[in-house]
Amino acid sequence: MAALADTAVVGASAPPGEPLLRVSGLTVDIPTPRGPLRALDDVSFELAPHRTLGLVGESGSGKSMLVRTIMGISPARSTVTGSVRFDGVELTSLPRRAARSYWGRRIAMVFQDPTTSLNPVLTVGRQLTEATRAHLGLGRARATERAVELLDLVSIPEPRRRLRQYPHELSGGMRQRVTIAMALACDPDLLIADEATTALDVTVQKQILDLIAGIQRERGLALILVSHDLGVVAGRTDDIAVLYGGRVAERASTRVLFAGHRHPYSQALLAAVPRLDRPAGAAPRTIPGTPPDLVLAPPGCRFAPRCPSAEDDCHRAAPAPRPGADPTHAYACLHPIPTTKAERR
Amino acid sequence: MTQTTTAHAAVTQPAVTQPAMAQAPARPGALLRVEHLVQRYRARGAVVHAVSDVSFDLLPGECLGLVGESGCGKSTTGRAILQLPRPTAGRVVLDGEDLCALDRRRLRHRRHRLQMIFQDPVAALNPRRRVRDLVVEGLDIQRQLPGGERAARADALLRDVGLDPELVGDRRPHELSGGQCQRVAIARALAVGPDVLVCDEPVASLDVSVQAQVLTLLARLRAEHRLALLFVAHDLAVVRAVVDRVAVMYLGTIAEIGPVDAVYDTPAHPYTRALLDAVPVPDPAVDPEQAPSLTGELPSPLAPPSGCPFRTRCPRAADRCAAERPLPRAVGPDHHVACHFPLVDPLPDSTSGDGSHEDGFGRPAGAGERAGRDRA
């Protein structure tokens, strides 16, 4: 993809040691008739260049809200506090105009439903050239050439013919390939895939995830993979953050999270996943209760009402993140699952 | 969905061109037998071959999974069993009675024996009615119950599905979560005392923690009410957790059917293998990119390929696959595969021979095609 390199924006230029993305204390409140809904509560994490972070959680856990806030598309009237630093620049306080050189250009996103994220009345070609013409100032002919390269990059056969087609003429998998091509148009440093394969069949999901992984390796992107499916993130991420009720319950390297998680919610989530390798009739374990109501939520741990190891102190204040034995590991729990190895810190 | 929008245009004449196919031998004591089911729709001058000659049976209290990708005909099959809409051809035999042959009035009197729940439980419930009324609506249609008995019955049903009638009985669907709505839909289906419950993607729209709750509930109800379940789902891991037997569908046909452990542990059809390989494994030690990917796209059901429907994407496809439609052959006890080159050797005494000599009805292969459907 040498042709793409000449139009690329300057690559990640953060000083050594500085992560590409640093989110700290991010809190989002959305006004509702019943009172403010705290969609995100004091969320912090870091992402180094070329690395992949998995964000997992159930509906309402805040995973989509988090990546949308990073992308600058938090809901209207919401209040955002805290910090999102990308490549050394604070995005939350950046003027709208300056932020445009980040959002859609250096940070790009692929959404869950390719049908609604594509404009049905514009051709694929028109939608694929829009970003490169606006952000990179390419002329029509050059932008079209670039669009052909992009469709080729996402393994769409007959790219020139596809450019003249409309989204409804493509299958769901092809449409999602087009949205990935759109996201890659300006050669971003960070790609966010928000449940990008959830609406697809399992065989197509695998094709798309393999495609994203290949592109990431080839172009050195950092990737945030948002999914409710632990199976999707297990083999494809370096680190995982588990979100619950708008907070990070636990984060660790993927290996540590699966093998040595300490948060009871992580454990319950892992046990609830139906597995192919579990014999028939071995039903997945259930998590009693329902996800929390985030409007006027009580103090204390969000998971406490459903937690098997909750005690009185869990209901009093939100537990602060505690470091685990592994340097990548942190969990927000007062009564964590005991480890087999004695953990003294 | 295509099948709902084109439902009115269902082709009702019997299929005369459909080749008769062998089926796995019916098991004794079957509660429900689906024989040579065909469902076709007319859409803009073309014919959609949604289901092409599907046969299987269901024992009392048994759970059969129907799996496959979007457009494989699994939902259409589930609905055709309930005569929603009536199938183009084939028989749906419940306790020895062919539902396809019943007139509307007599079919209505059988409706209580077959019930269905859907993927989107919120959309499946009338938003203007209260939970208690929703649950007993089927009973109201069946017979008039006195007010007190009616309310008591509704409360008992709600408790049976793990809901507190005091708390939810007077609410409307939008005041409930998705998981609660699915429980209401299940209670509503159970109200009329069915023998067969068709579950069309019952947990696909639910979160994983709630998913497990609903699956556990279905398993308990199945045991308590001796319910036979037809479990239509795209998620192979979910299916493994609940079913006894599984049928893998591809482009309107059954590629493989058998006990779930046999099909998952020793898949005989290359398509089953590809589907299983694509399922993400929640284990960081497994590199998902190592598993081979299925290439190409699902062919159009407007013009299915000749011979084996999977041949256009199959790594083992040969000339024969384009020429001849593979017939189901036994590869294990109650385990059948429709493939010329299965991954597991067929049993020597396979009921339908090796597929090239007989079609299972003791006739040479292709005879059925020439003669048309013998039943019609």
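Visitor: Why is Arg217(A) called exposed?
Guide: This is a predicted model, and in it Arg217(A) has a relative accessibility of 58%; exposed requires over 50%, so Arg217(A) counts as exposed.

Visitor: What makes the contact of Arg217(A) with Glu289(B) a salt bridge?
Guide: The side chains of Glu289(B) and Arg217(A) meet at 3.0 Å, N to O, and because the cut-off is 4 Å between a side-chain nitrogen of Lys or Arg and a carboxyl oxygen of Asp or Glu, the pair qualifies as a salt bridge. Between chain A and chain B the count is one salt bridge, whereas over all chains the count comes to 42 salt bridges. This pair crosses between chains, from Glu289(B) in the loop between helix H12 (270-278) and helix H13 (319-323) of chain B to Arg217(A) in helix H9 of chain A.

Visitor: Why is Glu289(B) called partly exposed?
Guide: The relative accessibility of Glu289(B) is 28%, and since buried means under 20% and exposed over 50%, Glu289(B) counts as partly exposed.

Visitor: Which elements of chain A supply residues to the side that touches chain B?
Guide: Helix H9 (202-219), helix H10 (230-234), helix H11 (254-260) and H12 of chain A each supply at least two residues, and the largest share, nine residues, comes from H9(A). By class, that side of chain A has 20 nonpolar, eleven polar and 13 charged residues. In total, 44 residues of chain A are in contact with 42 residues of chain B, and the area buried between the two chains is about 3,400 Å², of which carbon and sulfur atoms give 59%.

Visitor: What makes H12(A) largely enclosed by the rest of the structure?
Guide: Eight of the nine residues of H12(A) are buried, and therefore the helix is largely enclosed; among the buried ones are Pro264(A), Tyr265(A) and Leu269(A). What covers these buried residues includes strand S3 (52-56), H10, S9, strand S10 (247-253) and H11 of chain A, together with helix H9 (208-225) of chain B.

Visitor: How do you know that Asp57(B) and Arg27(B) form a salt bridge, and are they buried or exposed?
Guide: Their side chains meet at 2.9 Å, N to O, and because this falls within 4 Å, the pair is a salt bridge. Asp57(B) lies in strand S2 (residues 46-58) of chain B and Arg27(B) in the loop between helix H1 (2-5) and strand S1 (32-43) of chain B, so the pair ties together parts that are 30 residues apart in sequence. Asp57(B) has a relative accessible area of 7% and Arg27(B) one of 12%; buried means under 20%, so Asp57(B) is buried, and Arg27(B) is buried as well.

Visitor: Why is the pair of Tyr244(A) and Phe303(A) called edge-to-face?
Guide: Seven aromatic pairs are counted over all chains. In the pair of Tyr244(A) and Phe303(A), the ring centres are 5.1 Å apart and the planes stand at 80 degrees; because pairing requires centres within 6.5 Å and edge-to-face an angle over 60 degrees, the pair is edge-to-face. Tyr244(A) lies in strand S9 (residues 239-244) of chain A and Phe303(A) in the loop between helix H12 (264-272) and strand S11 (322-323) of chain A, so the pair ties together parts that are 59 residues apart in sequence.

Note on methods: Residues numbered from 1 in each chain as written. Chains lettered and ligands numbered in written order. Predicted model: local features only at pLDDT ≥ 70, side-chain atom pairs only at ≥ 80, totals over all residues. Heavy atoms only, no water. Phe/Tyr/Trp six-rings, centres within 6.5 Å; stacked < 30°, edge-to-face > 60°. Helix = DSSP H or I, 4+ residues; strand = E, 2+ residues; numbered from the N terminus. Contact = heavy atoms within 4.5 Å. Buried area = accessible area lost by both parts, 1.4 Å probe. Nonpolar A, V, L, I, M, F, W, Y, C, P; charged D, E, K, R; others polar. Buried < 20%, exposed > 50% of the residue type's maximum accessible area, 1.4 Å probe, protein only.
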